[in-house]
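Reader: Please show me the structure, and then I will ask about it.

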Amino acid sequence: MNATTLVWFRQDLRLNDNPALAHAAQLGTVLPVYIFDTNCPEHFKMGSASKWWLHHSLEALNDSLSEQLHCVSGVASEVLFNIVQQHNIKHVVWNRCYEPWQIKRDTELKKLLQAAGVKVQSFNSHLLWEPWQVLKKDKTPYKVFTPYYRRGCLSTAGPRMPIAAPKKIDIVYDSGLDDGVDSLDLLPAIPWFETMEQMWTPGEQGAAQRLSEFLPEGVKNYKNQRDFPALQATSQLSPHLHFGEISPNQIWHAAIASLHGNTEDAGLDGYLTELGWREFSYYLLFHFPHIAQENFSPNFEHFPWRTDTKALRAWQQGQTGIPIVDAGMRELWQTGTLHNRVRMVVASFLVKNLLIDWREGERWFWDCLVDADLAANSASWQWVAGTGADAAPYFRIFNPVTQGQRFDANGEYVKRYCPELSKIPAKYIHNPWEAPNNILEYAGVKLGENYPEPMVDLKATRQRALEALAQSKKLRGEL
Ligand code: FAD
(Lines give C-alpha, C1' and ligand atoms only; values in the text may rest on other atoms or scores of the structure.)
Protein backbone atom coordinates (compact mmCIF):
# COMPACT_ATOMS: atom_id res chain seq x y z
CA MET A 1 0.00 0.00 0.00
CA ASN A 2 1.23 3.50 -0.82
CA ALA A 3 1.62 5.41 2.46
CA THR A 4 1.73 8.81 0.78
CA THR A 5 -0.82 11.37 2.00
CA LEU A 6 -2.11 13.91 -0.48
CA VAL A 7 -2.25 17.40 1.05
CA TRP A 8 -4.67 19.60 -0.86
CA PHE A 9 -3.67 23.24 -0.29
CA ARG A 10 -6.50 25.75 -0.71
CA GLN A 11 -6.83 28.85 1.50
CA ASP A 12 -4.02 27.74 3.77
CA LEU A 13 -0.90 28.67 1.80
CA ARG A 14 1.55 28.23 4.67
CA LEU A 15 3.66 25.66 6.49
CA ASN A 16 3.19 26.96 10.05
CA ASP A 17 0.00 26.24 11.95
CA ASN A 18 -1.27 24.11 9.13
CA PRO A 19 -3.07 21.17 10.79
CA ALA A 20 -3.63 19.17 7.58
CA LEU A 21 0.02 19.43 6.55
CA ALA A 22 1.27 18.71 10.08
CA HIS A 23 -0.87 15.60 10.25
CA ALA A 24 0.24 14.32 6.85
CA ALA A 25 3.93 14.98 7.53
CA GLN A 26 3.72 12.89 10.69
CA LEU A 27 2.27 9.95 8.81
CA GLY A 28 4.93 9.64 6.10
CA THR A 29 5.47 10.94 2.59
CA VAL A 30 3.40 13.87 1.31
CA LEU A 31 2.10 14.83 -2.12
CA PRO A 32 1.37 18.60 -1.94
CA VAL A 33 -1.15 19.83 -4.51
CA TYR A 34 -2.77 23.17 -5.35
CA ILE A 35 -5.65 23.16 -7.85
CA PHE A 36 -6.98 26.34 -9.43
CA ASP A 37 -10.64 25.34 -9.63
CA THR A 38 -12.03 26.31 -13.03
CA ASN A 39 -15.39 24.92 -11.94
CA CYS A 40 -15.97 27.82 -9.56
CA PRO A 41 -19.41 29.36 -10.25
CA GLU A 42 -19.15 32.46 -12.44
CA HIS A 43 -20.22 34.85 -9.70
CA PHE A 44 -17.50 33.70 -7.31
CA LYS A 45 -14.60 33.58 -9.75
CA MET A 46 -11.54 35.27 -8.32
CA GLY A 47 -11.08 38.96 -9.14
CA SER A 48 -8.00 40.35 -10.90
CA ALA A 49 -6.26 41.71 -7.78
CA SER A 50 -6.78 38.42 -5.92
CA LYS A 51 -5.34 36.46 -8.84
CA TRP A 52 -2.25 38.65 -8.78
CA TRP A 53 -1.89 37.93 -5.07
CA LEU A 54 -2.47 34.20 -5.48
CA HIS A 55 0.23 33.92 -8.13
CA HIS A 56 2.85 35.33 -5.78
CA SER A 57 1.55 33.47 -2.77
CA LEU A 58 1.84 30.15 -4.62
CA GLU A 59 5.36 31.03 -5.73
CA ALA A 60 6.25 31.66 -2.09
CA LEU A 61 4.68 28.38 -0.96
CA ASN A 62 6.43 26.53 -3.76
CA ASP A 63 9.77 27.98 -2.57
CA SER A 64 9.05 26.80 0.98
CA LEU A 65 8.30 23.32 -0.37
CA SER A 66 11.64 23.14 -2.23
CA GLU A 67 9.93 23.81 -5.57
CA GLN A 68 7.86 20.66 -5.18
CA LEU A 69 4.32 22.02 -4.96
CA HIS A 70 2.17 20.52 -7.72
CA CYS A 71 0.09 23.26 -9.34
CA VAL A 72 -2.72 22.24 -11.65
CA SER A 73 -5.66 24.04 -13.21
CA GLY A 74 -9.00 22.32 -13.89
CA VAL A 75 -12.20 21.04 -12.33
CA ALA A 76 -10.82 20.52 -8.83
CA SER A 77 -12.79 17.45 -7.84
CA GLU A 78 -11.95 15.66 -11.13
CA VAL A 79 -8.29 16.67 -11.02
CA LEU A 80 -7.95 15.53 -7.42
CA PHE A 81 -9.73 12.25 -8.00
CA ASN A 82 -7.48 11.49 -10.98
CA ILE A 83 -4.31 12.23 -9.03
CA VAL A 84 -5.51 9.97 -6.23
CA GLN A 85 -6.06 7.13 -8.68
CA GLN A 86 -2.83 7.65 -10.64
CA HIS A 87 -0.74 7.64 -7.48
CA ASN A 88 -2.71 5.00 -5.65
CA ILE A 89 -3.26 7.44 -2.77
CA LYS A 90 -5.18 6.05 0.19
CA HIS A 91 -5.30 9.18 2.33
CA VAL A 92 -6.25 12.78 1.49
CA VAL A 93 -6.20 15.73 3.91
CA TRP A 94 -7.28 19.34 3.59
CA ASN A 95 -8.16 22.35 5.74
CA ARG A 96 -11.78 23.42 5.55
CA CYS A 97 -13.11 26.27 3.36
CA TYR A 98 -16.45 27.93 4.10
CA GLU A 99 -17.72 29.41 0.85
CA PRO A 100 -21.01 27.66 0.05
CA TRP A 101 -19.86 26.34 -3.34
CA GLN A 102 -16.66 24.98 -1.81
CA ILE A 103 -18.58 23.26 0.99
CA LYS A 104 -20.79 21.57 -1.64
CA ARG A 105 -17.79 20.52 -3.74
CA ASP A 106 -15.84 19.18 -0.76
CA THR A 107 -18.81 17.25 0.63
CA GLU A 108 -19.42 15.54 -2.71
CA LEU A 109 -15.76 14.82 -3.29
CA LYS A 110 -15.33 13.39 0.18
CA LYS A 111 -18.15 10.91 -0.47
CA LEU A 112 -16.66 9.95 -3.82
CA LEU A 113 -13.20 9.37 -2.37
CA GLN A 114 -14.54 7.42 0.57
CA ALA A 115 -16.54 5.22 -1.78
CA ALA A 116 -13.27 4.51 -3.59
CA GLY A 117 -11.68 3.41 -0.31
CA VAL A 118 -9.73 6.62 0.32
CA LYS A 119 -9.57 8.04 3.82
CA VAL A 120 -10.38 11.77 3.91
CA GLN A 121 -9.68 14.05 6.85
CA SER A 122 -10.44 17.75 7.07
CA PHE A 123 -9.16 20.22 9.66
CA ASN A 124 -9.86 23.75 10.83
CA SER A 125 -7.09 26.17 9.97
CA HIS A 126 -9.06 29.26 8.96
CA LEU A 127 -11.30 30.15 11.89
CA LEU A 128 -10.94 30.57 15.63
CA TRP A 129 -14.31 28.98 16.29
CA GLU A 130 -16.18 26.63 13.98
CA PRO A 131 -19.53 28.19 13.00
CA TRP A 132 -21.53 25.16 14.11
CA GLN A 133 -19.97 25.21 17.58
CA VAL A 134 -21.29 28.62 18.59
CA LEU A 135 -25.05 28.63 18.95
CA LYS A 136 -27.65 30.28 21.17
CA LYS A 137 -29.21 28.30 24.00
CA ASP A 138 -32.06 27.31 21.68
CA LYS A 139 -29.44 25.90 19.23
CA THR A 140 -30.14 28.52 16.57
CA PRO A 141 -27.39 30.79 15.22
CA TYR A 142 -26.76 34.27 16.58
CA LYS A 143 -27.66 37.19 14.33
CA VAL A 144 -26.19 39.99 16.45
CA PHE A 145 -22.45 40.46 16.78
CA THR A 146 -21.95 41.36 20.46
CA PRO A 147 -23.78 38.38 22.00
CA TYR A 148 -22.26 36.12 19.32
CA TYR A 149 -18.75 37.22 20.18
CA ARG A 150 -18.91 37.97 23.91
CA ARG A 151 -21.40 35.35 25.02
CA GLY A 152 -21.01 32.79 22.26
CA CYS A 153 -17.29 32.77 21.42
CA LEU A 154 -15.42 34.23 24.37
CA SER A 155 -17.26 32.17 26.95
CA THR A 156 -16.29 28.88 25.27
CA ALA A 157 -12.82 27.34 25.03
CA GLY A 158 -10.37 29.92 23.67
CA PRO A 159 -8.72 29.53 20.25
CA ARG A 160 -6.18 26.71 20.20
CA MET A 161 -2.46 27.52 20.22
CA PRO A 162 -0.74 27.52 16.81
CA ILE A 163 1.21 24.43 15.84
CA ALA A 164 4.75 24.58 14.48
CA ALA A 165 5.65 23.82 10.87
CA PRO A 166 6.68 20.18 10.40
CA LYS A 167 10.42 19.78 11.07
CA LYS A 168 10.72 17.61 8.00
CA ILE A 169 8.40 17.09 5.04
CA ASP A 170 9.14 14.08 2.84
CA ILE A 171 7.71 15.16 -0.48
CA VAL A 172 6.79 12.91 -3.35
CA TYR A 173 7.37 14.88 -6.50
CA ASP A 174 6.02 13.94 -9.91
CA SER A 175 7.16 16.30 -12.65
CA GLY A 176 4.45 14.94 -14.93
CA LEU A 177 1.83 16.25 -12.57
CA ASP A 178 3.22 19.70 -12.01
CA ASP A 179 2.28 22.34 -14.56
CA GLY A 180 3.92 25.10 -12.48
CA VAL A 181 2.51 28.31 -11.01
CA ASP A 182 2.83 30.15 -14.34
CA SER A 183 0.57 27.61 -16.05
CA LEU A 184 -2.34 28.83 -13.91
CA ASP A 185 -2.18 32.05 -15.91
CA LEU A 186 -3.09 34.27 -12.99
CA LEU A 187 -1.23 37.44 -13.95
CA PRO A 188 -2.94 40.03 -16.16
CA ALA A 189 -1.62 40.75 -19.64
CA ILE A 190 -1.29 44.46 -18.85
CA PRO A 191 0.98 44.95 -15.83
CA TRP A 192 -1.19 47.38 -13.83
CA PHE A 193 0.07 46.04 -10.52
CA GLU A 194 3.28 48.08 -10.03
CA THR A 195 2.03 49.99 -6.98
CA MET A 196 0.75 46.76 -5.47
CA GLU A 197 4.16 45.16 -5.92
CA GLN A 198 5.77 47.97 -3.97
CA MET A 199 3.28 47.71 -1.16
CA TRP A 200 2.74 44.00 -0.59
CA THR A 201 4.78 40.85 -0.11
CA PRO A 202 2.39 37.94 -0.61
CA GLY A 203 3.36 34.70 1.12
CA GLU A 204 3.94 33.30 4.57
CA GLN A 205 7.11 35.29 5.21
CA GLY A 206 5.50 38.53 4.12
CA ALA A 207 2.63 37.83 6.52
CA ALA A 208 4.96 37.11 9.44
CA GLN A 209 6.90 40.28 8.66
CA ARG A 210 3.68 42.39 8.66
CA LEU A 211 2.66 40.94 11.98
CA SER A 212 6.01 41.54 13.61
CA GLU A 213 6.04 45.14 12.36
CA PHE A 214 2.57 45.68 13.81
CA LEU A 215 3.25 44.23 17.26
CA PRO A 216 3.23 45.48 19.95
CA GLU A 217 2.85 49.21 19.18
CA GLY A 218 0.08 48.71 16.62
CA VAL A 219 -2.05 46.82 19.11
CA LYS A 220 -1.37 49.36 21.89
CA ASN A 221 -2.46 52.25 19.68
CA TYR A 222 -5.14 50.37 17.78
CA LYS A 223 -8.21 51.76 19.49
CA ASN A 224 -7.10 55.39 19.22
CA GLN A 225 -5.61 55.32 15.75
CA ARG A 226 -7.40 52.68 13.68
CA ASP A 227 -9.97 55.08 12.25
CA PHE A 228 -7.51 57.56 10.74
CA PRO A 229 -6.75 56.57 7.16
CA ALA A 230 -3.62 58.71 6.83
CA LEU A 231 -1.93 56.66 9.56
CA GLN A 232 -0.68 53.12 8.93
CA ALA A 233 -2.38 52.11 12.16
CA THR A 234 -4.03 48.81 11.28
CA SER A 235 -2.29 45.50 10.76
CA GLN A 236 -2.91 45.14 7.00
CA LEU A 237 -3.07 41.40 7.45
CA SER A 238 -6.40 40.83 5.69
CA PRO A 239 -5.07 39.51 2.34
CA HIS A 240 -2.58 37.29 4.17
CA LEU A 241 -5.46 35.97 6.28
CA HIS A 242 -7.70 35.46 3.28
CA PHE A 243 -5.16 33.28 1.48
CA GLY A 244 -4.20 31.55 4.71
CA GLU A 245 -0.59 32.67 4.73
CA ILE A 246 -1.08 33.24 8.42
CA SER A 247 -3.79 31.81 10.65
CA PRO A 248 -6.12 33.77 12.91
CA ASN A 249 -4.76 31.65 15.79
CA GLN A 250 -1.22 32.84 15.13
CA ILE A 251 -2.38 36.46 15.11
CA TRP A 252 -4.67 36.07 18.12
CA HIS A 253 -2.00 34.53 20.36
CA ALA A 254 0.85 36.75 19.11
CA ALA A 255 -1.23 39.88 19.80
CA ILE A 256 -2.04 38.72 23.34
CA ALA A 257 1.58 37.72 24.01
CA SER A 258 2.83 41.08 22.73
CA LEU A 259 0.96 42.78 25.59
CA HIS A 260 1.98 40.08 28.09
CA GLY A 261 -1.53 38.64 28.26
CA ASN A 262 -3.17 41.92 29.29
CA THR A 263 -6.52 41.32 27.58
CA GLU A 264 -8.01 44.22 29.57
CA ASP A 265 -6.00 46.60 27.39
CA ALA A 266 -8.44 48.58 25.24
CA GLY A 267 -6.21 48.42 22.16
CA LEU A 268 -5.80 44.66 22.41
CA ASP A 269 -9.49 44.13 23.09
CA GLY A 270 -10.34 46.30 20.06
CA TYR A 271 -7.96 44.39 17.82
CA LEU A 272 -9.18 40.96 18.93
CA THR A 273 -12.75 42.17 18.44
CA GLU A 274 -11.98 42.91 14.78
CA LEU A 275 -10.78 39.33 14.40
CA GLY A 276 -14.14 38.53 16.00
CA TRP A 277 -15.89 40.45 13.20
CA ARG A 278 -14.04 38.31 10.70
CA GLU A 279 -15.31 35.22 12.50
CA PHE A 280 -18.84 36.65 12.52
CA SER A 281 -18.72 37.18 8.74
CA TYR A 282 -17.81 33.54 8.19
CA TYR A 283 -20.41 32.50 10.73
CA LEU A 284 -23.12 34.39 8.85
CA LEU A 285 -22.02 33.01 5.49
CA PHE A 286 -22.06 29.48 6.88
CA HIS A 287 -25.49 29.70 8.50
CA PHE A 288 -27.09 32.03 5.93
CA PRO A 289 -25.28 31.26 2.64
CA HIS A 290 -27.69 33.42 0.64
CA ILE A 291 -26.05 36.57 2.08
CA ALA A 292 -23.38 36.32 -0.60
CA GLN A 293 -25.91 37.41 -3.20
CA GLU A 294 -29.19 38.34 -1.59
CA ASN A 295 -30.27 40.79 1.08
CA PHE A 296 -30.04 39.18 4.50
CA SER A 297 -33.10 41.17 5.48
CA PRO A 298 -36.15 40.48 3.30
CA ASN A 299 -37.33 44.03 4.14
CA PHE A 300 -35.29 45.33 1.22
CA GLU A 301 -36.97 43.20 -1.41
CA HIS A 302 -38.82 46.16 -2.90
CA PHE A 303 -36.14 48.76 -2.37
CA PRO A 304 -36.06 51.15 -5.37
CA TRP A 305 -32.35 50.91 -6.26
CA ARG A 306 -31.38 53.07 -9.24
CA THR A 307 -29.59 51.89 -12.35
CA ASP A 308 -27.11 54.62 -13.27
CA THR A 309 -24.08 53.38 -15.18
CA LYS A 310 -22.52 56.84 -15.45
CA ALA A 311 -22.72 57.45 -11.71
CA LEU A 312 -21.38 53.98 -10.96
CA ARG A 313 -18.45 54.60 -13.29
CA ALA A 314 -17.65 57.94 -11.63
CA TRP A 315 -17.65 56.22 -8.25
CA GLN A 316 -15.43 53.38 -9.47
CA GLN A 317 -12.96 55.81 -11.00
CA GLY A 318 -12.77 58.18 -8.03
CA GLN A 319 -14.33 61.04 -9.99
CA THR A 320 -17.33 61.91 -7.83
CA GLY A 321 -16.14 65.37 -6.76
CA ILE A 322 -16.39 64.32 -3.09
CA PRO A 323 -12.70 64.23 -2.04
CA ILE A 324 -12.74 61.47 0.61
CA VAL A 325 -14.76 59.20 -1.69
CA ASP A 326 -12.44 59.86 -4.62
CA ALA A 327 -9.32 59.33 -2.50
CA GLY A 328 -10.72 56.02 -1.27
CA MET A 329 -11.68 54.72 -4.69
CA ARG A 330 -8.28 55.71 -6.09
CA GLU A 331 -6.49 54.05 -3.16
CA LEU A 332 -8.43 50.89 -3.91
CA TRP A 333 -7.51 50.97 -7.59
CA GLN A 334 -3.84 51.73 -7.02
CA THR A 335 -3.04 49.54 -4.04
CA GLY A 336 -5.65 46.78 -3.96
CA THR A 337 -6.75 47.82 -0.53
CA LEU A 338 -8.74 50.51 1.21
CA HIS A 339 -8.81 51.68 4.79
CA ASN A 340 -11.79 50.30 6.75
CA ARG A 341 -13.22 53.72 7.70
CA VAL A 342 -13.06 54.80 4.07
CA ARG A 343 -14.58 51.50 2.90
CA MET A 344 -17.59 52.43 5.00
CA VAL A 345 -17.70 55.99 3.64
CA VAL A 346 -17.45 55.03 -0.05
CA ALA A 347 -19.94 52.19 0.39
CA SER A 348 -22.44 54.45 2.12
CA PHE A 349 -22.04 57.05 -0.63
CA LEU A 350 -22.83 54.43 -3.29
CA VAL A 351 -25.84 52.83 -1.64
CA LYS A 352 -27.33 55.93 -0.03
CA ASN A 353 -26.30 59.09 -1.89
CA LEU A 354 -26.27 57.39 -5.30
CA LEU A 355 -29.00 54.87 -4.38
CA ILE A 356 -27.15 52.10 -6.25
CA ASP A 357 -27.59 48.47 -5.15
CA TRP A 358 -24.87 47.29 -2.72
CA ARG A 359 -24.21 44.31 -5.01
CA GLU A 360 -22.69 46.67 -7.63
CA GLY A 361 -20.22 47.92 -5.04
CA GLU A 362 -19.54 44.46 -3.73
CA ARG A 363 -18.65 43.31 -7.27
CA TRP A 364 -16.23 46.20 -7.80
CA PHE A 365 -14.54 45.54 -4.47
CA TRP A 366 -14.41 41.84 -5.36
CA ASP A 367 -12.42 42.60 -8.48
CA CYS A 368 -10.13 45.27 -7.02
CA LEU A 369 -9.33 44.14 -3.47
CA VAL A 370 -6.35 41.94 -2.74
CA ASP A 371 -8.22 40.85 0.40
CA ALA A 372 -11.51 40.17 -1.47
CA ASP A 373 -13.20 37.69 0.80
CA LEU A 374 -16.70 36.43 0.16
CA ALA A 375 -17.63 36.33 3.84
CA ALA A 376 -16.20 39.70 4.91
CA ASN A 377 -17.11 41.52 1.70
CA SER A 378 -20.76 40.49 1.54
CA ALA A 379 -21.35 40.86 5.29
CA SER A 380 -19.68 44.29 5.35
CA TRP A 381 -21.52 45.60 2.29
CA GLN A 382 -24.80 44.44 3.77
CA TRP A 383 -23.81 46.03 7.08
CA VAL A 384 -23.31 49.42 5.43
CA ALA A 385 -26.37 49.08 3.22
CA GLY A 386 -28.56 48.31 6.21
CA THR A 387 -29.71 45.09 4.55
CA GLY A 388 -27.56 42.78 6.70
CA ALA A 389 -27.59 41.02 10.06
CA ASP A 390 -26.92 43.45 12.91
CA ALA A 391 -26.46 46.13 10.26
CA ALA A 392 -26.18 49.90 10.58
CA PRO A 393 -29.79 51.05 10.01
CA TYR A 394 -30.40 52.33 6.49
CA PHE A 395 -31.50 55.73 7.80
CA ARG A 396 -28.08 56.32 9.41
CA ILE A 397 -26.37 57.99 6.47
CA PHE A 398 -22.70 58.90 6.60
CA ASN A 399 -21.96 62.46 5.59
CA PRO A 400 -18.66 62.12 3.69
CA VAL A 401 -17.69 65.72 4.41
CA THR A 402 -18.01 65.41 8.18
CA GLN A 403 -16.43 61.95 8.07
CA GLY A 404 -13.47 63.48 6.25
CA GLN A 405 -13.25 66.40 8.67
CA ARG A 406 -13.32 64.06 11.63
CA PHE A 407 -10.94 61.34 10.46
CA ASP A 408 -8.70 63.23 8.02
CA ALA A 409 -8.77 66.70 9.51
CA ASN A 410 -5.74 68.03 7.63
CA GLY A 411 -6.66 66.26 4.43
CA GLU A 412 -3.39 64.34 4.43
CA TYR A 413 -5.08 61.18 3.17
CA VAL A 414 -7.13 62.97 0.53
CA LYS A 415 -4.08 64.79 -0.79
CA ARG A 416 -2.14 61.52 -1.08
CA TYR A 417 -4.63 60.18 -3.64
CA CYS A 418 -6.01 63.44 -5.07
CA PRO A 419 -2.82 65.41 -5.66
CA GLU A 420 -4.76 67.98 -7.71
CA LEU A 421 -6.16 69.20 -4.36
CA SER A 422 -2.77 69.41 -2.62
CA LYS A 423 -2.87 73.20 -2.18
CA ILE A 424 -6.42 73.42 -0.86
CA PRO A 425 -6.32 74.48 2.81
CA ALA A 426 -7.59 72.04 5.45
CA LYS A 427 -10.77 74.07 5.97
CA TYR A 428 -12.01 73.25 2.45
CA ILE A 429 -10.22 70.03 1.62
CA HIS A 430 -13.36 67.95 2.15
CA ASN A 431 -15.74 70.44 0.54
CA PRO A 432 -13.78 72.37 -2.12
CA TRP A 433 -17.04 73.48 -3.78
CA GLU A 434 -17.61 75.77 -0.77
CA ALA A 435 -14.18 77.41 -1.00
CA PRO A 436 -14.09 81.07 -2.10
CA ASN A 437 -12.86 81.67 -5.64
CA ASN A 438 -9.58 83.23 -4.55
CA ILE A 439 -8.68 80.11 -2.56
CA LEU A 440 -9.49 77.82 -5.48
CA GLU A 441 -7.46 80.09 -7.73
CA TYR A 442 -4.50 80.05 -5.36
CA ALA A 443 -4.72 76.23 -5.16
CA GLY A 444 -4.91 75.91 -8.95
CA VAL A 445 -8.21 74.05 -8.74
CA LYS A 446 -10.82 74.61 -11.41
CA LEU A 447 -13.90 72.63 -10.44
CA GLY A 448 -15.32 70.82 -13.42
CA GLU A 449 -11.95 71.08 -15.18
CA ASN A 450 -9.10 69.59 -13.16
CA TYR A 451 -11.27 68.23 -10.34
CA PRO A 452 -14.97 67.33 -10.69
CA GLU A 453 -17.84 69.35 -9.33
CA PRO A 454 -19.63 67.24 -6.69
CA MET A 455 -21.76 64.81 -8.70
CA VAL A 456 -24.65 65.06 -6.25
CA ASP A 457 -26.01 67.40 -3.62
CA LEU A 458 -25.31 65.53 -0.38
CA LYS A 459 -28.31 66.96 1.47
CA ALA A 460 -30.80 66.33 -1.31
CA THR A 461 -29.58 62.79 -1.96
CA ARG A 462 -29.73 62.04 1.76
CA GLN A 463 -33.37 63.06 1.67
CA ARG A 464 -33.94 60.98 -1.48
CA ALA A 465 -32.49 57.91 0.29
CA LEU A 466 -34.81 58.38 3.25
CA GLU A 467 -37.78 58.72 0.89
CA ALA A 468 -36.72 55.52 -0.90
CA LEU A 469 -36.70 53.73 2.43
CA ALA A 470 -40.18 55.03 3.22
CA GLN A 471 -41.36 53.97 -0.25
CA SER A 472 -40.00 50.44 0.18
CA LYS A 473 -41.70 50.21 3.59
CA LYS A 474 -44.96 51.28 1.97
CA LEU A 475 -44.57 48.57 -0.68
CA ARG A 476 -44.13 46.05 2.12
CA GLY A 477 -47.27 47.41 3.71
CA GLU A 478 -45.50 48.76 6.81
CA LEU A 479 -46.52 52.42 6.46
P1 FAD B 1 -7.22 45.36 11.01
O2 FAD B 1 -7.94 46.56 11.47
O3 FAD B 1 -5.79 45.26 11.35
O4 FAD B 1 -8.03 44.10 11.57
C5 FAD B 1 -7.43 42.81 11.73
C6 FAD B 1 -8.20 41.78 10.92
O7 FAD B 1 -9.53 41.69 11.38
C8 FAD B 1 -8.32 42.12 9.45
O9 FAD B 1 -7.16 41.75 8.76
C10 FAD B 1 -9.54 41.36 9.03
O11 FAD B 1 -9.27 40.02 8.74
C12 FAD B 1 -10.40 41.42 10.28
N13 FAD B 1 -11.39 42.52 10.18
C14 FAD B 1 -11.21 43.81 10.54
N15 FAD B 1 -12.35 44.50 10.37
C16 FAD B 1 -13.26 43.63 9.88
C17 FAD B 1 -14.63 43.74 9.50
N18 FAD B 1 -15.30 44.88 9.61
N19 FAD B 1 -15.25 42.65 9.02
C20 FAD B 1 -14.61 41.45 8.92
N21 FAD B 1 -13.31 41.29 9.28
C22 FAD B 1 -12.65 42.36 9.75
N23 FAD B 1 -12.37 42.60 4.83
C24 FAD B 1 -11.81 41.58 4.14
O25 FAD B 1 -10.94 40.88 4.67
N26 FAD B 1 -12.20 41.31 2.85
C27 FAD B 1 -13.15 42.03 2.20
O28 FAD B 1 -13.48 41.72 1.06
C29 FAD B 1 -13.73 43.13 2.90
N30 FAD B 1 -14.66 43.93 2.29
C31 FAD B 1 -15.21 44.98 2.99
C32 FAD B 1 -16.17 45.78 2.36
C33 FAD B 1 -16.73 46.86 3.04
C34 FAD B 1 -17.79 47.69 2.36
C35 FAD B 1 -16.33 47.15 4.35
C36 FAD B 1 -16.92 48.30 5.10
C37 FAD B 1 -15.39 46.37 4.99
C38 FAD B 1 -14.81 45.27 4.33
N39 FAD B 1 -13.85 44.45 4.95
C40 FAD B 1 -13.31 43.39 4.25
C41 FAD B 1 -13.53 44.58 6.38
C42 FAD B 1 -12.35 45.50 6.72
O43 FAD B 1 -12.46 46.72 6.07
C44 FAD B 1 -10.99 44.88 6.39
O45 FAD B 1 -10.91 43.58 6.93
C46 FAD B 1 -9.85 45.71 6.97
O47 FAD B 1 -9.89 47.02 6.46
C48 FAD B 1 -8.52 45.07 6.63
O49 FAD B 1 -7.47 45.86 7.08
P50 FAD B 1 -6.49 45.34 8.20
O51 FAD B 1 -6.01 43.97 7.88
O52 FAD B 1 -5.47 46.40 8.42
O53 FAD B 1 -7.47 45.24 9.45
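Reader: Which strand gives the largest share of the lining of the second largest pocket?

Author: This is a predicted model, where local features need pLDDT of at least 70, side-chain atom pairs need 80 or more, and totals for linings use all residues. Residues are numbered from 1 along each chain, and side-chain values use heavy atoms, without hydrogens and water. A pocket is an open set of points on a 1 Å grid where a 1.4 Å probe fits, with protein on both sides within 12 Å along at least five of seven lines; lining residues have an atom within 4 Å of a point. Four lining residues, the largest share, come from β2.

Reader: To which strand do five bridges join β2?

Author: Strands are DSSP runs of E with at least two residues, and helices are runs of H or I with at least four, numbered from the N terminus. Two strands pair if DSSP finds at least two bridges between them. V33 stands opposite H70, and the partner, which runs parallel to β2, is β3.

Reader: Why is strand β3 largely enclosed by the rest of the structure?

Author: Buried means under 20% relative accessible area, with a 1.4 Å probe and protein chains only. Strand β3 covers residues 70-74, and it is largely enclosed because the number of its five residues that are buried is four.

Reader: What is the angle between the planes of W8 and W94?

Author: Rings of Phe, Tyr and Trp (its six-membered ring) pair if their centres lie within 6.5 Å; planes under 30 degrees apart are stacked, over 60 edge-to-face, and the rest tilted. W8 and W94 are 5.3 Å apart centre to centre and edge-to-face, at 85°.

Methods:
Buried < 20%, exposed > 50% of the residue type's maximum accessible area, 1.4 Å probe, protein only.
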